[in-house]
Amino acid sequence: MIYDAIIVGGSYAGLAAGLPLARARRNILVIDAGQRRNRYAEHSHGFLTQDGTPAADIAARGRAQLMAYRTVDWLDAKVANVVAADDGFRVDVEGMAPREARRIVLATGVSDQLPEVPGLAERWGRHVFHCPYCHGYELNEGRIGVLASSALAMHVALMLPDWGTTTLFLNGAFEPDAEQLQALAARGVRVERSRVQRIEGRLDLVLQGGHVVKLDGLFATPRISPASPIAATLGCDMDEGPMGRTVRTDAMKATSVAGVYACGDVARPGGSVSLAVGDGAIAGAAAHQSLIFARH
């Protein structure tokens with residue numbers, strides 16, 4: 001069987017991409033490796049009608065709704081490679097027979113390269129976050145930190161006083177210039193130059209010299225990169241930005257490779273369920289129309 005489209009990645013963007021295709025009665029296959037980026041977060045915030053809902057519940061409900069359409073198949077598996085074929089693509093699946101499709105939608109997500117501070121990774125998604133809009137409100141105007149890994153931390157530090165008392169931990173990553181220091185002071189942001197040695201307890205930052213700073217929430221700015229090499233292997237153009245590497249797409253989520261679309265975090269710097277769902281809906285509709293009008 002040759003599918004009209006294979007969607008690689010079954011999280012929020014991939015699920016949203018499937019709906020327009022399923023509702024057009026197209027035969028589609030979703031292949032998902034089960035590694036949602038926000039799998040460590042207990043709740044999702046900022047997604048209209050789902051604010052405060054457990055993140056896993058949103059994904060599970062989305063999968064159930066998509067699978068209610070009879071033209072949709074699902075594989076819990078990992079895609080090893082995607083290769084252009086005569087009239088579409090061959091998708092190599094680990095431990096299974098290859099599948100074929102006329103269109104590919106990449107919703108593979110990204111990997112977060114966290115700062116190398118002992119104790120940080122264990123608290124990622126629970127007490128250490130990347131998005132103030134997703135997690136800032138729940139900190140109840142408490143004690144908030146920003147752990148710098150690049151100058152991008154300036155942007156986050158200037159935002160966060162709207163959510164609580166903010167300290168920017170430079171951690172040797174960069175030194176603000178006079179204008180930046182003035183901007184931080186105007187927002188009431190405290191600057192801490194001592195390096196963070198480790199994180200203990202709920203969220204106790206142990207600084208060089210032994211001083212301990214207790215926080216209610218800590219924000220970091222990890223570098224991102226595509227969680228799968230498939231886009232690069234296919235030859236999709238990439239964008240390199242302050243946050244890391246993403247797949248380049250046009251307004252309809254088409255990549256530089258004809259017949260291949262990309263959506264969600266892999267094709268957008270940042271990270272939000274709302275944006276992933278919106279991008280997925282665009283990608284799915286565009287993939288469907290390309291099957292009719294023979295454009296990529």
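**Cysteines, pocket and core**

Reply: This is a predicted model. Cysteine 134 has a relative accessible area of 13%, so it is buried, the limit being under 20%.

Me: And cysteine 131, buried or exposed?

Reply: Cysteine 131 is buried as well, with a relative accessible area of 10%.

Me: How many disulfides are there in the whole structure?

Reply: A search of the whole structure gives zero disulfides. A disulfide is a covalent bond between the sulfur atoms of two cysteines.

Me: Which residues lie nearest the centre of the second largest pocket?

Reply: Cys131 is one of them, along with His130, Pro132, Tyr133 and Gly270. The lining of this pocket has 20 residues in total.

Me: How does the lining divide into nonpolar, polar and charged residues?

Reply: The lining of the second largest pocket holds 11 nonpolar residues, nine polar ones and no charged ones.

Me: What space lies in this pocket?

Reply: The second largest pocket contains about 350 Å³ of space.

Me: Changing topic: which residues have the most contacts inside the largest nonpolar core?

Reply: They are Ile7, Tyr12, Val105, Tyr261 and Cys263, in a core of 27 residues. Elements that each supply at least two residues of this core include β1 (2-8), β2 (28-32), β5 (72-76), α2 (55-67) and α7 (273-293). The largest share comes from α1, with six residues. There is also a second, separate core of 26 residues, with Val8, Leu29, Ile104 and Val266 among them. In soluble globular proteins, nonpolar side chains tend to be buried together.

Me: Where is methionine 243?

Reply: Methionine 243 sits in the loop between β19 (238-241) and β20 (244-247). With 24% relative accessibility, methionine 243 counts as partly exposed, because that value falls between the 20% and 50% limits.

Me: What does methionine 243 touch, leaving out residues up to four places away in sequence?

Reply: Its contacts are Leu152, Pro222, Arg223, Ile224, Pro269 and Gly270.

Me: How far apart are methionine 243 and valine 82?

Reply: Methionine 243 and valine 82 are 26 Å apart in space, C-alpha to C-alpha, and 161 residues apart in sequence.

Me: What about glycine 34 and aspartate 76?

Reply: Glycine 34 and aspartate 76 are 7.1 Å apart in space, C-alpha to C-alpha, with a sequence separation of 42 residues. Glycine 34 is in the loop between β2 and β3 (43-44), and its relative accessible area of 47% makes it partly exposed.

Me: Last topic, the backbone. What is phi at asparagine 140?

Reply: Phi of asparagine 140 is near 55°, a positive value in a residue other than glycine. Most residues other than glycine have a negative phi. Asparagine 140 is in the loop between α3 and β11 (143-147).

Me: And what is phi at asparagine 171?

Reply: Phi of asparagine 171 is also positive, near 55°. Asparagine 171 belongs to the loop between β12 (165-169) and α5 (178-186).

Note on methods
Residues are numbered from 1 along each chain as its sequence is written. This is a predicted model: local features need pLDDT of at least 70, side-chain atom pairs count only at pLDDT 80 or more; totals for chains, interfaces and linings use all residues. Side-chain values use heavy atoms; hydrogens and water are left out. A nonpolar core is a set of buried Ala, Val, Leu, Ile, Met, Phe, Trp, Tyr and Cys residues joined through side-chain atoms within 4.5 Å. Buried means under 20% relative accessible area, exposed over 50%, partly exposed in between (1.4 Å probe, protein chains only). Helices (H or I, at least four residues) and strands (E, at least two) are DSSP runs, numbered from the N terminus. Contact means heavy atoms within 4.5 Å. A disulfide is a pair of cysteine sulfur atoms within 2.5 Å. On a 1 Å grid over the protein atoms alone, a cavity is a set of points where a 1.4 Å probe fits but cannot get out, and a pocket is an open set with protein on both sides within 12 Å along at least five of seven lines; lining residues have an atom within 4 Å of a point. Grid points are joined across faces, edges and corners, and a volume is the space filled by probe spheres set on the points. Ala, Val, Leu, Ile, Met, Phe, Trp, Tyr, Cys and Pro count as nonpolar, Asp, Glu, Lys and Arg as charged, and the others, Gly among them, as polar.
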